[in-house]
Amino acid sequence: MPIPLADRAVVFLAYDPGISPKGGGLPGLAVLKNVVNSINLFGIVAVVGALAVSLGVWAWGHHTGGHQAEATGKKGAVVAAGAALGLGAANGIVAFFSSLGSQVH
């Protein structure tokens, strides 16, 4: 007796491929981690520079009466602070959603 199409789709979607992340499976993983750590450090250093420039523009705009420069400096400071938050929390965010995704059955 043939299985109806709807039942075959349910069986296909319920198949568990058994894939999970495993360290050490490919060569060069340590090098890749080192590269990503270096990129993260470079990003944090760049954010420190961007924050310093933005705060300088904010102060300059405030003291000279340049409202556009003041607003741009404020915007840059907020963006730099958000970028610092994202760079610092990147590992935790990925770990959180990875563990959340592994709970889906």
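The model is predicted, so local features need pLDDT of at least 70, side-chain atom pairs count only at pLDDT 80 or more, and totals for chains, interfaces and linings use all residues. Residues are numbered from 1 along each chain as its sequence is written, and side-chain values use heavy atoms, with hydrogens and water left out.

Start with the overall layout. The protein chain has three helices and zero strands. From the N terminus, its elements run α-α-α. Helices (H or I, at least four residues) and strands (E, at least two) are DSSP runs, numbered from the N terminus. The chain has 105 residues, and 9% of them count as buried. Buried means under 20% relative accessible area, exposed means over 50%, and partly exposed lies in between, with a 1.4 Å probe and protein chains only.

Next comes the helix packing. Two packed helices are described by the angle between their axes and the distance between the axes. Helix α2 covers residues 29–64, and helix α3 covers residues 67–102. Their axes come within 7 Å and cross at roughly 160°. That makes α2 roughly antiparallel to α3. The contact of α2 with α3 involves 14 nonpolar, seven polar and two charged residues. Axes here are lines fitted to C-alpha atoms, for helices over the stretch in contact, and angles run from 0 to 180 degrees between N-to-C directions. Angles under 35 degrees count as roughly parallel, over 145 as roughly antiparallel, 65 to 115 as roughly perpendicular and the rest as oblique. For residue classes, Ala, Val, Leu, Ile, Met, Phe, Trp, Tyr, Cys and Pro count as nonpolar, Asp, Glu, Lys and Arg as charged, and the others, Gly among them, as polar.

Now look at single residues. Ser54 lies in helix α2. Ser54 is buried, at a relative accessible area of 12%. Not counting residues up to four places away in sequence, Ser54 touches Gly73, Gly76 and Ala77. Contact means heavy atoms within 4.5 Å. Gly56 also sits in α2. At 38% relative accessibility, Gly56 is partly exposed. Gly56 and Ala69 are 13 residues apart in sequence, and their C-alpha atoms are 10.0 Å apart in space.

Turn to helix α3. Glu70 has its place there. With a relative accessible area of 14%, Glu70 is buried. Glu70 touches Trp58, Gly61 and His62, not counting residues up to four places away in sequence. Ala71 counts as partly exposed, at 38% relative accessibility. Between Ala71 and Val57 there are 14 residues of separation along the chain and 9.0 Å between C-alpha atoms.

Further along α3 is Leu87. Leu87 is partly exposed, at 24% relative accessibility. Leaving aside neighbours within four places in sequence, Leu87 contacts Asn40, Gly43, Ile44 and Val47. Leu87 and Ile44 are 43 residues apart in sequence, yet 6.8 Å apart from C-alpha to C-alpha.

The structure holds one aromatic pair. The rings of Phe96 and Phe97 have centres 5.0 Å apart and planes at 80°, so the pair is edge-to-face. Rings of Phe, Tyr and Trp (its six-membered ring) pair if their centres lie within 6.5 Å; planes under 30 degrees apart count as stacked, over 60 as edge-to-face and the rest as tilted. Phe96 is partly exposed, with a relative accessible area of 48%.
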